[in-house]
Amino acid sequence: MSWIDICAIDDIPLRGARKLKTALGCVAVFRTGTAEVFAASDRCPHRGGPLSEGIVHGQSVTCPLHNWVFDLNTGQAQGENGSIATYPLRVEAGRVLIDGTGLSGRSAA
Amino acid sequence: MTQKLVIIGAGMASGRVIEHLVEEAPGAYDITLFNAEPRGNYNRIMLSPVLSGDKTYDEIVTHDAAWYAAQGITCRFGEHVVGIDRDRKIVEGEKGQVPYDKLIIATGSAPFIIPVQGKDLPGVITYRDLDDTNAMIDAARTGGKAVVIGGGLLGLEAAAGLAERGMEVTVLHLMGHLMERQLDEAAGYLLRRDLEKRGITIKTRASTAAILGESQVEGVLLEDNTGLEADLVVMAVGIRPETRLANDAGLEVARGIEVNAQMQTSDPDIYAVGECVEFDGHLFGLVAPLYDQARVLSHCLMDQPDAFVVRDIATKLKVTGCDLFSAGDFAEGATREDIIFRDPARGVYKRLVIEDDRLVGAVMYGDTADGTWFFGLIKEGTDIDGMRDTLIFGPAYQGGDAADPLSAVAALSRDAEICGCNGICKGTIVDAIAHGATELGAVRAQTKASASCGTCTGLVEKLLQVTLGDDFHVPAAQPVCGCCDLPHEDLRRLIKSQELKSQEAVWQELGWKTRNGCHICRPAVNFYLLADWPMEYRDDPQSRFVNERKHANIQKDGTFSVVPRMWGGITNPRELRAIADAAEKYNVPTVKVTGGQRIDLLGVTGEDLPAIWADLNKAGLVSGHAYSKGLRTVKTCVGTDHCRFGTQDSTGLGIKLEQILWGSWTPHKVKLAVSGCPRNCAEATCKDVGIICVDSGYQLGVAGAAGMDLKETQRLADVRTEQEAIDLTIAFIQLYRENARYLDRPYRWVEKVGLDWVKARVVDDPEERARLIAAFDLSQSIYRRDPWAEHAQQAERFQPLADLTLEAAE
Ligand code: SRM
Ligand SMILES: Cc1cc2nc3c(=O)[nH]c(=O)nc-3n(C[C@H](O)[C@H](O)[C@H](O)COP(=O)(O)OP(=O)(O)OC[C@H]3O[C@@H](n4cnc5c(N)ncnc54)[C@H](O)[C@@H]3O)c2cc1C
Ligand code: SF4
Ligand code: FES
């Protein structure tokens, strides 16, 4: 793993999200609780809605375009056949770190 | 051979070390014990009961003089150690030196003092030892006002103790909720509620700027310039390991004195134990792990193998009546699942956090009887998959029910208002039921409850069921969503009658089953709270659909549209030039004239929004709220200014109305139009409020629409003057804001409550009309401002957090 420092945790609003540009496209970084963060693809598999603009509730996000609800732990869409990629994140001393290995644009192999 | 063991600090950690040594290896060491406090070891955590008067100092002494004498320990109490000479293996006390073979540093920690002006004034106290406790007891003798800085465990115990002794106490806490390290927001809400019930004032997000006073503390000044009077200030903002001796002696010190798993410092003959140490990056502030450390250290001194490991710890608060429990890790990390249980009737909240079929954290308030059991599951890492569904009900659970959907109603007090129209309280209704009104019609006839607008019908039915039990069945009403059992109407009424003023209050008191709602209920709750409590509650952008959070309409490709306000459809060359310039500068692909008499710039990227807003703001253009459940447009026709048929100044009235109403949030969008004559060029007869000017004055229509349903307006009133037209419009919109369910356009709401009910309040009752107008003005004192101007100030929020595409792939 190669951890990359992306922001201070307070740069992300509580029950909100910000996005991150990567070689794989935009990644949404969600903050659900005081120190609880998740990262997942910003692109809804339905029709490409930007998930970082959705409403964050519990450990889920609702897509702003047509209300698909995704579990941020697994990336699975509730009651729909679709899912989003999730990425490991870590909080350390108030900073949010993302694992860069999965994001470099090359296949993991 | 007896070795010389010197111990610096006679606190709870070293006390336990000595107990192990004298029991398991009596005579192995010749012990000298220093303590800066002029006394030996007492149970420090019981200082809070001493402060509140439940215990005396004598009752909390762990080791008295006779005990030390019996163990042959040389006590040097009231004497500070001032240095350690590691080369000569000597400890220097204030009154003389002592040589050692082995040394234990157990100096505990020192309260953190925030470096503000006035921190050294007499009357500013920390909370650490008996002397501090006695100083507080003394100060409380004369009553007066106390300010406690810090809403953690210590601060709250101090606050409760001082309140118990008759002081008027205010707690200042920097974070959003109390005890944020041990509790989540929901439990923090309940704790706050219970402390407030005993008269303690709690201020969260309160940052201390200075402590005021000349020769004695007189008050506290906050960063937001609020001043508080104070005769006593208690600082309880945290602790710092007491590491000065170790530092001076050149031992390795990080935040605490660094030790290995045998409690050995960087000098093999010197050990450290208790709150002064740092182990593997961890600091300690509760006794449970310190007792583990003490056991390990004593074994090492007896040459028995042992190693310290960090374990989960559980917290309780020693304030009678505030029953809370927290253990493990209940916030951080992914791959977790929550189980939540709330019982509003008993003020109970429980949350379990599960990861990989194991319980990893638990937070409880109100009923903590099962705390130890849950803590055991956490520590042992028990696989809970088989009992997941019933886990939250605890070990005693045998086939019981899920949460009772009626408990929120059962919990209401007798004087909680149920029917807002007629001012009928729960007590009156319950009495009527007891006296034979066993169905809705009878309750209506006897009490008038639910006999007017009808929106409280659901609540009255629930009261029937609560009172009559299984004899009465509530007709199924659609709840807001899966997070709760209440339909919108009940939710709105209960927010009003229970005076629920925060989201946390709604989740807890109305028995929400989820942590913080979902995309369906949270926007509704957010609106109800801001509409009912404009002064106490602030709009929460994170509970809004993207358009209202971003103040722009999202498009199917993720770009946004920008629609500036054109008051009453009137514009001028300067505004048009600014719009044209902005369209060019930001490469806006489509510029369209809307159906609402203004111009839409479609296809602006999210990143560009703050900049384009700032440019438009410079020309005096503000947000048109084309995205909001709020006031949209006021369409007008040219009226008397130009038209040969115009009867009144329709353009002028439209502009006035738009300037009064803009910025307000409403259950759904609200559109107005003012036409200068019955030819109705502004299409006023299909608007939420449509005004037609006639020779004799103004015809006010309401509840029209031309969207999914086509509705012609219904006549609310004919009035003579422009001012009356304005007043009735405002009153109508405020009545709609106070009563309609979220996402009902006015026509749907009027269908439900009836136009007569609306007329009775807006038209026929001048007092109620005046109240509605005043309530609207009050709310507008907060919301009538341009969100674009505010958001343009935080442009960085609209940019990506970081750009990793540039990060080297290697
Ligand atoms: C821009 C505009 C069309 C145009 O180019 O003229 C428009 C565009 C949208 N309308 Fe509209 N409506 C526009 C005038 C209207 C009108 C005509 C009017 O206001 O005189 C109506 C019918 C009148 C009425 O509301 O009663 C209208 C009835 C709707 C409805 C149905 C509402 C209903 O209660 O049935 C929706 C859906 C909704 O709000 O839930 C809607 C929703 C929308 C949304 C916001 C769809 C969405 O949720 O994304 C469209 C946003 C486009 C965008 O990206 O900017 N739009 N929409 C008009 C903006 C007016 C303005 O200046 O603010
Ligand atoms: C009011 C209060 C309530 C608490 N409630 C709880 C609770 O409910 N649950 C819980 O688990 N924990 C609680 N704690 C925390 C708990 O008391 C501490 O974790 C524990 O006392 C720490 O033990 P210690 O031996 O490391 O330090 P201490 O008990 O602080 O002992 C250190 C001693 O070293 C002495 N000393 C320091 N420097 C020198 C020097 N240079 N020379 C000589 N002597 C020196 C000090 O005077 C002090 O007596 C509470 C603490 C307080 C103050
Ligand atoms: S009519 Fe339909 S497609 Fe056209 S702008 Fe309105 S909502 Fe969009
Ligand atoms: S694009 Fe996300 S739900 Fe349709």
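Q: How many cavities of 30 Å³ or more does a search of the whole structure find, and what makes a space a cavity?
A: The search finds 3 cavities of that size. Each counts as a cavity because, on a 1 Å grid over the protein atoms alone, it is a set of points where a 1.4 Å probe fits but cannot get out. The model is predicted: local features need pLDDT of at least 70 and side-chain atom pairs pLDDT 80 or more, while totals for chains, interfaces and linings use all residues. Residues are numbered from 1 along each chain, chains are lettered from A and ligands numbered from 1 in written order, and side-chain values use heavy atoms, without hydrogens and water.

Q: What is the volume of the largest cavity, and which residues are closest to its centre?
A: The volume is about 130 Å³, meaning the space filled by probe spheres set on grid points joined across faces, edges and corners. Of 13 lining residues (an atom within 4 Å of a point), B:Thr455, B:Glu489, B:Arg492, B:Asn739 and B:Arg741 are closest to the centre.

Q: What makes up the lining of the largest cavity by class?
A: It has 8 charged residues, 3 polar and 2 nonpolar. Asp, Glu, Lys and Arg count as charged, so B:Glu489, B:Arg492 and B:Arg741 belong to that class.

Q: Why is the contact of B:Lys550 and A:Glu53 called a salt bridge?
A: The rule requires a side-chain nitrogen of Lys or Arg within 4 Å of a carboxyl oxygen of Asp or Glu. The N to O distance for B:Lys550 and A:Glu53 is 2.6 Å, so the pair qualifies. Across the interface of chain B and chain A, the rule finds 4 salt bridges.

Methods: On a 1 Å grid over the protein atoms alone, a cavity is a set of points where a 1.4 Å probe fits but cannot get out, and a pocket is an open set with protein on both sides within 12 Å along at least five of seven lines; lining residues have an atom within 4 Å of a point.
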